[in-house]
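The entries follow in the order in which I checked them.

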Amino acid sequence: MLPMLPIFRPKVRPPILLGMVSTAPSLHYTELALTSLFTHTPLVPDDTVILIDNDGSAADLAISHDPRITRIVPHQPQGFATNGNTLLGEALRLGRDLIFLNNDLIFSPKWLESLLACGDAIAIPATNREFQYALAIVKPGEDRTTSVFTLSPRMTLSDVENHLHGFQALAEFHTNQNILLRVMLVLPFSCVRIPIAVTREVGGFDESFGKGGGEDYDYCLRAIMAGFPILLAGTSLILHFGGRSTWGIENPDEIEAREYLFRTRFREKWGETLYKMLFLEQDMTSTDPELGPLFHPAHLAEFIARLLGRENIPQPTTSMPLG
């Protein structure tokens with residue numbers, strides 16, 4: 001009799017929580033994002049998908065009633081930080097990593113795997129904000145017309161109409177480039193994995209930034225100070241339309257007031273130098289003999305602390321309660 005061979009079973013990853021927020025003006029984006037999410041995400045049976053229907057409008061979407069989705073409707077529309085804290089609280093209760101998602105995204109194969117491979121780091125996939133490509137498509141027929149699909153930092157639904165296959169081809173090309181992980185100081189949270197270890201240590205978003213803006217950069221800085229790196233997981237590419245998740249919600253005066261609030265709050269909490277670096281994209285390190293050597297992936301916590309000390313700003317508390 002032949003000896004019994006061991007049975008090798010593929011390792012099953014722990015379940016995760018995926019959370020998305022939807023609004024009435026961006027419903028078309030929500031529908032596309034959820035369809036793309038389920039198409040290109042290898043869910044396991046215990047994964048949880050939560051849709052925060054911020055104004056109750058997603059009831060009109062058939063996909064929002066998918067049995068895999070738990071739909072939550074707040075008593076009144078909430079800001080980014082408050083909705084994020086709702087999801088972080090649920091992730092903490094379940095003991096799971098949170099994948100916090102805008103509703104203006106298109107996913108590609110292996111997007112999730114690239115985030116889950118980043119250990120206890122906060123990880124964000126590459127998007128068309130960081131990488132732009134163009135694809136020439138020759139249509140069959142006598143005229144063999146050529147169309148060009150181009151990724152740009154900000155896009156609309158009409159830009160990708162009839163070009164979803166083109167985006168997936170570009171995403172596959174991008175993945176094959178074997179782009180390495182990059183340690184960052186901050187990254188926007190349009191699509192972010194927050195490991196449960198980070199949630200337990202860093203806690204929730206700071207809701208004093210208002211309806212939206214600045215709280216994701218604040219969370220990154222607090223995480224770095226607590227010992228958790230911020231990674232751009234450039235091995236996969238997703239499409240982020242850019243600003244469409246909040247498009248049409250505010251009038252110009254409301255936008256100006258919201259931006260004034262979060263920018264003022266950020267300067268108050270983290271100082272003028274970090275504000276200029278992160279929001280005005282000014283170079284504050286290359287000519288500074290003290291700061292230059294510290295602006296390095298291995299020394300970012302010390303870099304932040306040194307900037308705060310220079311401006312006599314007390315180091316913000318790294319851990320904040322949820323809500």
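I began with Phe 209, which is buried at a relative accessible area of 0%, where buried means under 20% relative accessible area with a 1.4 Å probe and protein chains only. Phe 266 likewise counts as buried, at 0% relative accessibility. I note that this is a predicted model, in which local features need pLDDT of at least 70, side-chain atom pairs count only at pLDDT 80 or more, and totals for chains, interfaces and linings use all residues. Residues are numbered from 1 along each chain as its sequence is written, and side-chain values use heavy atoms, with hydrogens and water left out.

I then looked up ring pairs, taking rings of Phe, Tyr and Trp (its six-membered ring) as paired if their centres lie within 6.5 Å, with planes under 30 degrees apart counted as stacked, over 60 as edge-to-face and the rest as tilted; the count comes to 15 aromatic pairs. Phe 209 lies in the loop between α6 (196-202) and α7 (215-225), and Phe 266, 57 residues apart from it, in helix α8 (residues 252-270); helices here are DSSP runs (H or I, at least four residues), numbered from the N terminus.

Next I checked Tyr 217 and Phe 279, whose ring centres are 5.4 Å apart with planes at 50°, so this pair is tilted. Both residues are buried.

I found one aromatic cluster formed by Phe 209, Tyr 217, Phe 262, Phe 266, Tyr 275 and Phe 279.

Notes: Helices (H or I, at least four residues) and strands (E, at least two) are DSSP runs, numbered from the N terminus. Buried means under 20% relative accessible area, exposed over 50%, partly exposed in between (1.4 Å probe, protein chains only).
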